[in-house]
Structure formats: structure tokens, C-alpha cells
Amino acid sequence: MKIDLTKIPPEGKELDFMLPTEWWKPDSDDDRIVGLERPLSTSLRMYPAGKKMVVEGYISTRLLLRCDRCLEQYGWDLSAEFRISLSLSPFQGEGEVELQEDDLNLDFTDGNLLDPDQVIREQLILRVPMKTLCTPECKGLCRVCGCNLNISTCSCPVADRQVLFNQ
Ligand SMILES: [Zn+2]
Ligand SMILES: [Zn+2]
């Protein structure tokens with residue numbers, strides 16, 4: 001779904017929709033966001049402000065994250081509000097317009113077509129904590145034998161077993 005930003009009326013436009021759990025495709029096997037545990041609901045409101053288009057939104061879902069220490073998946077509730085402003089591309093005939101520093105919208109828009117999925121994807125990535133832990137006490141994996149120390153205790157010497165995370 002693409003939204004033509006030049007067609008947004010001055011009073012704005014609202015859009016509510018759901019993204020199914022299959023929507024999230026991890027970039028790679030070690031992507032920290034493994035998937036959505038339940039469908040993502042979102043509401044967006046777009047309105048023009050000067051030469052910009054403001055997009056305000058609310059997202060709510062439960063993500064499946066991968067623990068940095070033990071690599072197991074765990075559920076994490078997310079509900080967040082956001083607000084971004086996008087610059088419209090110059091209309092034909094308007095000539096070259098210099099890009100401003102905050103005009104880093106190129107991922108979201110193709111010409112003046114906004115891809116709301118990209119905006120939401122970006123928000124999810126921004127909201128996930130820098131460090132993802134299934135529990136604050138997660139013991140991680142033994143670095144000798146690889147067993148999950150939350151579930152079992154291996155016979156490796158304790159000194160060697162100390163996992164790499166001093167994080
Ligand atoms: Zn863990
Ligand atoms: Zn071990």
C-alpha cells in the first residue's frame with residue numbers, strides 16, 4: 001500500500017489498519033526482531049504543515065525478540081507513539097531544491113508516495129532495546145559446550161563456563 005502525499009487534504013487524513021504476524025520478515029537469521037507474536041495494529045494521521053507532511057502514528061503489538069545472551073526467543077509488548085515529518089519532493093518545473101539535513105525520508109517515500117510499512121518497520125527497529133534480554137538474570141550459553149545455562153548446568157569448569165557477556 002502506498003499513499004500519495006500530494007493527495008492529502010489540508011485537514012489531513014487518518015488511516016487505521018492491521019498488519020498480520022506474517023508481515024515481519026527478518027533481515028537475517030540473527031535479526032533481533034524474530035517476528036510478531038500478534039498482529040500489529042496501527043493508526044496513522046497525516047496532515048500538511050508548510051512544505052512538509054507530518055505523519056503521527058500509534059503502533060501496538062507484541063514482538064518476538066531474540067535474547068542476546070541465550071539466543072532464545074521471548075515476547076515483548078510494544079506500544080508507541082511517533083511523529084515524523086516528511087519533505088515533499090519538488091513538483092515538476094519547480095527545479096532543483098536543496099535537500100535539508102532532516103530530509104532523510106528517502107527510505108519511506110518514492111517520489112511523493114509514502115510506504116507506511118517502511119515507516120512502521122523503522123519504528124519497530126528504533127524501539128527495540130539496544131540490549132535484548134529474555135530476563136535480566138539470563139545466564140546465557142556456556143562458551144565451552146554451548147548449553148543454555150538457564151535450563152541446564154554443564155560439567156565444564158566454572159571458570160571456563162563464564163560466558164562472554166560482561167554486558
Ligand atoms: Zn536469555
Ligand atoms: Zn558447558
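This is a predicted model: local features need pLDDT of at least 70, side-chain atom pairs count only at pLDDT 80 or more; totals for chains, interfaces and linings use all residues.

Colleague: What makes β2 and β5 the edge strands?

Modeller: The open sheet has four strands in the order β2-β3-β4-β5, with antiparallel pairing. Strands β2 (13-19) and β5 (73-87) each pair on one side only, and that makes them the edges. From one strand to the next, the twist averages 10°.

Colleague: How do you know that β3 and β4 pair?

Modeller: Two strands pair if there are at least two bridges between them. Strand β3 (residues 33-49) and strand β4 (residues 52-66) have 13 bridges, in the antiparallel sense. Ser-43 stands opposite Tyr-58 in β4.

Colleague: Which strands does helix α1 touch?

Modeller: Helix α1 (residues 116-127) packs on the sheet and touches β2, β3, β4 and β5. Its direction makes about 125° with that of β5. A touch here is a contact, which means heavy atoms within 4.5 Å.

Colleague: Is Cys-138 buried or exposed?

Modeller: Buried means under 20% relative accessible area. Cys-138 has 2%, so it is buried. Cys-134, at 26% relative accessibility, counts as partly exposed, because that class lies between the 20% and 50% limits.

Colleague: Which residues are the donors of the zinc ion (ligand 2), and why is its site tetrahedral?

Modeller: The protein donors of the zinc ion (ligand 2) are Cys-142, Cys-145, Cys-154 and Cys-156, each through SG, at 2.3 to 2.4 Å. The angles among the four donor atoms are 107 to 112°. These lie between 85 and 135 degrees, so this site is tetrahedral. The spacing of the donors along the chain is C-x2-C-x8-C-x1-C. Cys-145 and Cys-156 are 11 residues apart, in the loop between α1 and α2.

Colleague: Why is Cys-156 put in another class than Cys-145?

Modeller: Cys-156 has a relative accessible area of 13% and is buried, whereas Cys-145 has 44% and is partly exposed. The limit for buried is under 20%.

Colleague: What makes Asn-148 a buried residue, and what does it contact?

Modeller: Its relative accessible area is 11%, so Asn-148 is under the 20% limit and buried. Asn-148 is placed in the loop between α1 and α2 (158-161). Leaving aside neighbours within four places in sequence, Asn-148 is in contact with Cys-70, Glu-72, Gly-140 and Leu-141. A polar atom of the Asn-148 side chain lies 2.9 Å from the backbone nitrogen of Asn-150.

Colleague: What phi does Leu-71 have?

Modeller: Leu-71, although not a glycine, has a positive phi of about 70°. It is found in the loop between β4 and β5. With a relative accessible area of 46%, Leu-71 is partly exposed.

Terms used. Residues are numbered from 1 along each chain as its sequence is written. Chains are lettered from A and ligands numbered from 1 in the order in which they are written. Side-chain values use heavy atoms; hydrogens and water are left out. Helices (H or I, at least four residues) and strands (E, at least two) are DSSP runs, numbered from the N terminus. Axes are lines fitted to C-alpha atoms, for helices over the stretch in contact, and angles run from 0 to 180 degrees between N-to-C directions. Buried means under 20% relative accessible area, exposed over 50%, partly exposed in between (1.4 Å probe, protein chains only). A polar contact is a pair of N or O atoms within 3.5 Å; within protein, one must be able to donate a hydrogen and the other to accept it, and residues adjacent in sequence count only if both atoms are side-chain atoms. Donors are N, O and S atoms within 2.8 Å of the metal (3.2 Å for Na, K and Ca); water is not among the atoms, so sites may look incomplete. Four donors count as tetrahedral if all angles lie between 85 and 135 degrees; four count as square planar and six as octahedral if opposite donors are over 155 degrees apart and all others between 65 and 115; anything else is irregular.
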